[in-house]
Amino acid sequence: MTGTVAVTTPYSVPVPLMDVLQVVVLVLVAAGATAVVLTRRPVRQVMVLSGYGLMLAVLFMVFQAPDVTLSELTVGAVALPLLLLLALAKIRKKEE
Amino acid sequence: MTPATRRWVFLIAGAGLVAFYLWGLTGLPGFGAYPGPYGFIINQVAVGQTKATAVVSAINFEYRGFDTVGEEFILFVAAAGVSTVLRHLRGERERSALDEARDRAAPPTSDAVRTLALVFTGPAVIMGWYLAAHAQTAPSGGFQGGVVLATAFILIYLSGQFLLFKRVSPVAVTETVEAVGAGGFACVGLSAVFLGLPYLTNDLGLGTTPGAIDSSGTIALISFFVGVEVAAAFVLIVGELLEQTLLIRQETR
Amino acid sequence: MDQLLALVVVIPLLVAAGISALTPVFRTRRRALDTVAIAAAASVTVLLAVLMTRTAHRPEVYWFAGFRPRHGIAIGIDFAVDPISAGLAALAALLVTVAMIFSWRYFHRVATYFHALMLVFLAGMVGFCLTGDIFDLFVWFELMGVTAYALTAYRPEERGPVQGALNFAITNSVGAYLWLSGIGLIYGRTGALNMAQIGRYLTTHRTSSGLVVVAFVLILTGLLIKSAIVPFHFWLADAHAVAPTPVCVLFSGVMVELGLYGIARVYWSMFGAGLGHRTVISHLFLALGLLTAVTGALFCYRERHIKRLLAFSTISHAGIFLAGLSWLTPLGLAGAAVYVLGHGLVKAALFLCVGIVLHRIGSVNETALHGRGRRLRVTGVVFTLAALGLADLPPFATYLGKGWIEDTSAAAGSAWVAGVLIACSILVGGAVLRVAGGVFWGLGDPPAEDPRMAEEASEEKTETDSGRQRTPLTMIIPPAVLVVAAVALGLTPHLGAVVQDAAVRFQDQAAYNQAVLFGRVVAHPVALHPAEPTAITPADVLTGAGSALGALILAGLSLYRRRIPLLRRGPEPDLLLAGPIRRIQSGVINDYVTWIVVGVAGIGGYLAVTIR
Amino acid sequence: MMHVFPFIVVAWILAVGLYGVVTSRHLVHQIVCLIVVQSSTYVLLLAVGYVTGGVAPFFYDVPVHTPAVDPVVQALALTDVVVEAAVTALLLAFAIQAHKRFGTLDPQELTELKG
């Protein structure tokens with residue numbers, strides 16, 4: 001069951017190509033996480049977070065997890081940034 | 001601790017934590033070499049046992065359905081918590097709306113945004129229901145569907161129709177719908193107990209064709225209730241957060 | 001009963017959803033709401049009590065959706081119930097019932113949220129106790145956590161509750177994510193989530209010790225944070241000081257103890273045999289336990305805010321429980337189990353009495369309250385009795401648990417541990433008795449004002465209508481019943497034999513494996529450890545009475561310090577501690593999370609050096 | 001290299017997220033950093049369940065015996081996403097209240113519970 005079984009189904013990508021894809025997306029995700037943390041201005045950070053959510057979604061895609069991809073897209077890239085922006089809109093007034 | 005001390009303490013201890021964590025991670029079989037058996041067994045038996053072709057949904061709503069009961073109630077409690085916490089603020093806001101209103105006057109939504117948002121509302125509703133209804137076949141389910149469905153309501157708000165948003169999702173009704181969603185799931189599980197079977201046993205007809213819309217028995221039903229619960233919870237949470245800006249916008253009109 | 005086992009979790013969840021769905025109906029019918037919610041909690045209590053007696057001789061295993069394991073491999077989720085888990089769940093249900101009866105007249109304004117949250121909290125605690133699956137354990141842990149955060153901030157119109165809830169939520173979430181990382185590690189190697197199956201894998205396969213140790217520490221961290229073990233304890237006092245009193249009953253009485261139960265469960269069903277190195281683990285638990293017991297006791301003694309004082313006493317007791325578990329013996333586990341039950345009952349009674357004081361007088365400041373509780377005679381009597389129970393006075397069940405923990409320490413050749421634990425009991429009991437004597441009996445002089453308390457003069461006003469003329473019966477009967485229950489538990493015949501039998505079975509990992517994965521029940525001779533006493537020894541009674549006496553003397557010295565020539569000079573000794581404590585217990589989340597990282601790195605470093 | 005690289009990324013995300021939580025001077029920023037900490041657990045879960053060359057665990061148009069990745073971790077990650085959304089919503093509500101009560105969002109200036 002385990003090991004490197006090359007499968008040719010409509011969805012599968014050749015293993016070496018998949019490796020490269022995964023490494024690239026993983027690097028992007030690591031950089032994204034760093035960027036989210038280092039962005040200290042809240043509104044801008046929410047934008048970066050949204051982008052990070054998108055990258056995570058892509059990562060889950062290449063990890064063959066379409067279910068998680070879809071929920072990461074809806075939650076991580078859309079719903080959470082929306083909640084954060086609403087909260088910030090509420091708070092921002094006194095910050096200025 | 002001062003910020004500087006804290007940073008140094010963290011950098012030292014955090015390095016220790018990461019080294020320790022990596023020590024554990026190197027004990028894993030290595031990426032791409034998942035050893036099983038849990039996932040492999042489920043992949044083998046799930047389609048036959050549940051007639052659902054989407055194995056992840058079969059796990060979420062059947063094999064590990066009890067986890068999902070807890071998960072739904074986490075969302076339920078979070079929505080109730082947000083309401084509890086912001087409830088007082090809402091009351092205060094109504095009193096002090098005028099003095100804060102001036103700098104909160106959001107620029108009026110442009111017609112293009114409004115039209116676009118309204119245009120997207122319909123597809124969002126349809127897509128939400130589609131996703132919630134196809135847990136057993138597609139990489140989707142009540143959770144994703146619910147969030148998309150909630151997005152439809154939020155689009156109505158974005159289109160500037162906040163009064164409509166209030167009308168289509170009044171808090172009391174949304175709360176009731178949410179509770180029905182969460183409770184409905186628990187009830188589906190309970191039906192098996194009345195038949196003398198363990199809780200959450202799939203006691204509906206499984207259908208014959210794997211992947212068909214009427215296949216997989218309670219999986220589809222549970223997915224529906226999860227969709228209802230998730231959508232209502234999100235609408236409730238977003239509504240509570242919106243509530244405070246809504247009044248002010250009205251004032252400035 | 002067989003198929004009904006799931007009801008202990010499903011009833012509270014369904015009733016919570018039901019009352020939430022019917023909010024418009026219940027809004028004007030407060031009594032109906034109370035009745036329904038109390039009935040649900042009470043029925044769960046009864047079901048769990050039945051379950052506890054049913055599992056006295058063999059564990060009960062329940063597979064959700066009927067997915068029984070084949071060839072020792074589980075694909076579903078199970079409840080694996082034994083008397084200890086059922087007993088703890090029953091305590092949780094009892095305390096929820098009592099707290100809701102108390103709330104009958106307590107809050108002046110309640111929406112359906114409070115009842116729904118309390119019932120979901122109950123479901124979370126019960127699910128946590130009974131489940132046999134590591135991820136399911138995590139789910140109920142999170143449900144319990146999220147509900148607890150929301151309940152802490154139940155009065156968000158004040159500063160304290162908001163900050164307390166934030167500190168609570170962020171530290172516990174960090175713990176939860178570390179725990180989940182631990183689950184990921186262990187799953188990536190064993191391919192299992194069932195605790196019995198993971199335990200079996202770790203004993204039958206050679207596994208990299210790094211992976212097992214790291215997974216153990218990460219899972220342990222989440223539980224240590226919940227059980228408020230130093231240096232992970234900071235959130236607890238913050239959350240307790242500000243949560244509504246009926247909620248504090250649950251936090252102190254059972255939620256913290258559930259974290260320790262989780263440690264015991266995870267250790268004895270999953271890691272124990274595979275991890276080995278019993279001495280190392282034993283030393284780790286003992287060090288953490290003693291550090292926590294002493295820290296909590298010192299913080300407790302110098303505190304003037306009565307709810308915070310009780311919170312620090314809970315931290316100290318959590319340390320004592322962990323020290324009891326640390327010997328990894330049946331007697332230690334049995335002692336911790338009985339101590340948890342007894343402590344839960346008396347601590348709940350103490351918090352409820354504080355709630356009555358708040359209801360009638362409107363303050364929780366020990367200095368300001370001095371002598372003002374004299375008109376609350378019944379409350380004073382109940383509070384004093386419960387305080388004596390907390391100081392391990394026989395025949396409160398606490399003395400038994402504490403006695404067994406001391407016995408097992410002495411049997412392991414470490415009588416000094418028993419000495420430290422007795423000193424902690426005296427310090428904590430002395431602090432609580434000082435409150436009892438000062439507030440309810442007007443003895444001695446008021447303690448010096450803690451400057452911090454003076455700043456918070458207006459606190460705690462809005463939780464309840466204060467200044468009432470009479471204490472409602474629904475508020476005084478619950479704590480009285482709890483105190484009586486603590487005595488009754490201590491006088492139960494054959495308690496020692498029954499609990500130690502349960503403890504022996506709880507610690508038998510192989511038997512747990514067989515029962516869960518293969519449905520086989522392994523018979524246990526009760527006299528598995530004949531060297532250890534199962535009966536009550538005179539020494540237990542004497543040490544219990546001794547620490548209660550010590551606590552009384554300490555309370556007397558604290559109250560009459562200014563009238564005793566030798567002690568008169570110098571600042572109040574307990575206020576000397578205030579400076580350093582104020583720096584450590586800073587209330588800043590960033591500090592608390594830093595301490596968590598330091599704690600994990602420290603524990604990890606110790607285990608990495610000793611187990612390789 | 002490839003067989004450990006994803007796990008190094010997991011440890012990195014965890015460390016960076018914790019660093020953010022510890023050094024944050026803004027509650028909303030801190031909550032976002034907590035989201036980052038949690039995201040390390042998704043990556044870990046999905047990485048340990050990955051099978052090289054395996055397809056996604058959906059058998060609508062591929063035969064059941066096709067080698068597929070582990071579906072269990074995906075179900076766990078889904079649960080995890082819900083938990084994240086719920087906790088974040090609650091924390092944001094607390095933050096809004098904290099701002100209202102304290103007039104600041106710097107966690108180091110919330111001093112109500114000092115001592």
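Across the interface of chain B and chain C, 11 residue pairs are in polar contact, both residues at pLDDT 80 or more. A polar contact is a pair of N or O atoms within 3.5 Å; within protein, one must be able to donate a hydrogen and the other to accept it, and residues adjacent in sequence count only if both atoms are side-chain atoms. This is a predicted model: local features need pLDDT of at least 70, side-chain atom pairs count only at pLDDT 80 or more, and totals for chains, interfaces and linings use all residues. Residues are numbered from 1 along each chain as its sequence is written, chains are lettered from A in the order in which they are written, and side-chain values use heavy atoms, without hydrogens and water.

The table gives further values for this interface.

| Item | Value |
|---|---|
| Residues in contact (heavy atoms within 4.5 Å) | 60 of chain B with 75 of chain C |
| Buried area (accessible area, 1.4 Å probe, lost on being put together, summed over both parts) | about 5700 Å² |
| Salt bridges (side-chain nitrogen of Lys or Arg within 4 Å of a carboxyl oxygen of Asp or Glu) | two |

Carbon and sulfur atoms give 74% of the buried area. Arg6(B) forms a salt bridge with Asp591(C). Their closest N and O atoms are 2.6 Å apart.

Tyr199(B) belongs to the largest nonpolar core, which has 388 residues. Such a core is a set of buried (under 20% relative accessible area, 1.4 Å probe, protein chains only) Ala, Val, Leu, Ile, Met, Phe, Trp, Tyr and Cys residues joined through side-chain atoms within 4.5 Å. Beyond four places in sequence, Tyr199(B) contacts residues including Phe66(B), Leu190(B), Val10(C) and Tyr62(C).

Key
Buried area = accessible area lost by both parts, 1.4 Å probe. Buried < 20%, exposed > 50% of the residue type's maximum accessible area, 1.4 Å probe, protein only.
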